Amino acid sequence: MSFLIRNAIVVTVDPDSRVIEDGAVFIEGDRIVDVGPTDFLTGRYPTAEVVIDGQGRALLPGFVSAHNHVGYAVFRGRAEDIGYAPTHRLYLPMSGVITDDERQVIGALAVTELLRGGVTTILEMEEDAELFAPFIEKCGIRALMGVMVNDVNLEALASGQTVFDEAVRATQLEQASGLASRWHGRANGRIQAVMAATGLSTSSPQLLQGLRDVADDMRIPISIHLGFGERELVQNIHGMAQFDYAAAHGMLGSDVVAVHCFEVDDTEIEILAQSGTHLAHCPHMNQFRGEVAPIQAMRAKGMHVGLGIDNYFSDYFEVLRSCLASARIHAHDPQVLCAPEALALGTIHAARVLGLDKEIGSIEVGKKADLQMVNMHRLGLTPVNDPVATLVYHGHAKDVEMVMVNGKIVVADGSVQTADERDLLNRAGIAANAAWKRFAERYGAFVAPAPT
Ligand SMILES: [Zn+2]
């Protein structure tokens with residue numbers, strides 16, 4: 001199939017940050033074949049099978065979210081106000097009461113929302129992540145997927161003790177390598193595998209080594225939450241500084257996507273940068289936890305930084321704004337970063353963090369056609385004095401009209417074509433209610449008691 005999208009404001013995010021005011025893109029199969037002025041491309045490709053009029057629209061690369069837990073949408077409205085408690089008092093207890101079917105439909109809804117809002121690639125890491133793989137394959141989003149492992153004994157953890165458990169470790173490693181072997185490269189390479197861990201304080205050296213071995217064997221990346229408030233815990237449990245422990249067990253390097261890194265000092269930034277580790281920066285999520293990663297210092301040291309959504313949320317435009325706002329508040333400087341940089345962090349830089357920047361992240365000849373088209377003729381987006389600034393500061397997921405992944409239209413007229421939105425909304429609502437009912441029956445409230 002070939003497409004000519006014309007008369008659009010084409011925001012390329014290419015190395016020159018070109019914006020073509022009356023621009024066109026020609027797509028053949030899954031690739032972008034040509035980019036240029038509408039007049040020129042219309043004359044050059046008179047036989048395009050589908051012509052899309054982009055009048056009043058901006059065409060930009062699809063967003064790349066370098067960090068997601070789609071199933072955690074079940075915690076919306078319950079987790080945002082409880083500080084650091086979610087892991088121990090929501091996530092782990094919920095994992096014991098929610099069924100696979102419930103989790104699956106809630107994750108499918110979250111993936112559908114992401115696609116609807118212009119997100120074309122995610123790195124999805126979660127316990128039981130393989131549950132989401134069939135839907136990800138069907139709905140057409142591009143994904144790096146990994147089972148997020150730990151090898152702590154959960155009963156001991158509930159009473160505040162960290163005990164590593166060999167049986168848990170074996171099961172988790174088998175699950176993680178199982179997903180990788182069954183799904184890596186599926187859907188014409190649209191689905192790839194990663195090895196993933198929750199963090200350092202919940203991982204024994206043997207578990208991390210196990211992840212590293214599979215990643216090396218299969219040549220796939222690793223992703224792990226780092227520098228997210230466990231500095232003291234890691235020191236106490238493992239008797240080592242957090243990044244010394246990470247480095248000793250293969251969790252730093254140019255194939256590692258570290259997530260968060262808001263609890264890092266200058267020496268630790270130096271270690272991260274020297275190792276070539278990339279950062280999935282999740283400013284929208286972290287600002288609600290009162291945290292911000294010092295990305296300016298990291299970028300100054302040469303680290304690659306890209307944006308991610310993390311939990312609960314699905315409007316990526318909010319992540320762009322949070323990135324700008326949190327960096328400026330952190331620096332007490334209103335001129336830190338600018339709209340084109342924020343957009344690049346959410347597209348080409350995030351693609352680089354995932355090792356995919358040769359294939360996606362910008363509108364350039366030869367790249368995969370992963371695109372989104374935003375209707376600028378809407379309340380909140382007029383006047384379009386500067387398309388990039390208008391999109392970054394004023395755009396919303398709901399303004400996205402068309403989304404293409406791998407040269408296939410997955411969203412048209414603001415509606416997801418590869419999933420039944422209404423059915424998912426109904427079923428995910430019912431599933432979440434059922435899961436929370438069991439949660440409250442077991443724990444007496446919607447937040448489980450604190451570990452003693
Ligand atoms: Zn996370």
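In this predicted model, strands S2 and S3 make a hairpin with two residues between them. Gly-29 sits in the turn and takes a positive phi of about 65°. The pairing of S2 (residues 19-28) with S3 (residues 31-37) is antiparallel and runs over six bridges. Within this pair, Ala-24 of S2 stands opposite Gly-36 in S3.

Positive phi values also turn up away from glycine. His-260, part of strand S12 (residues 256-260), has phi near 85°. Asp-413 is another non-glycine residue with a positive phi, here about 50°. This one belongs to the loop between strands S17 (408-412) and S18 (415-416). Asp-413 has 8 C-beta neighbours inside 10 Å and so counts as exposed.

The backbone has a cis peptide bond as well, going from Thr-382 to Pro-383 with omega near 5°. Pro-383 is found in the loop that links strand S15 (371-375) to helix H16 (387-394).

As for the overall fold, the protein contains 17 helices and 18 strands. Along the principal axes, its C-alpha atoms fill a box of roughly 70 × 50 × 40 Å. The radius of gyration is 22 Å, which agrees with the value near 22 Å for a compact globule of 452 residues. Buried residues make up 52% of the 452. Taking contacts with a separation of 6 or more, 73% come from residues 24 or more positions apart.

Terms used
Residues numbered from 1 in each chain as written. Predicted model: local features only at pLDDT ≥ 70, side-chain atom pairs only at ≥ 80, totals over all residues. Pairing = 2+ DSSP bridges. Helix = DSSP H or I, 4+ residues; strand = E, 2+ residues; numbered from the N terminus. Rg over C-alpha atoms; globule rule 2.2 N^0.38 Å. Buried ≥ 20, exposed ≤ 12 C-beta atoms within 10 Å, placed from the backbone. Contact = placed C-beta atoms within 7 Å.
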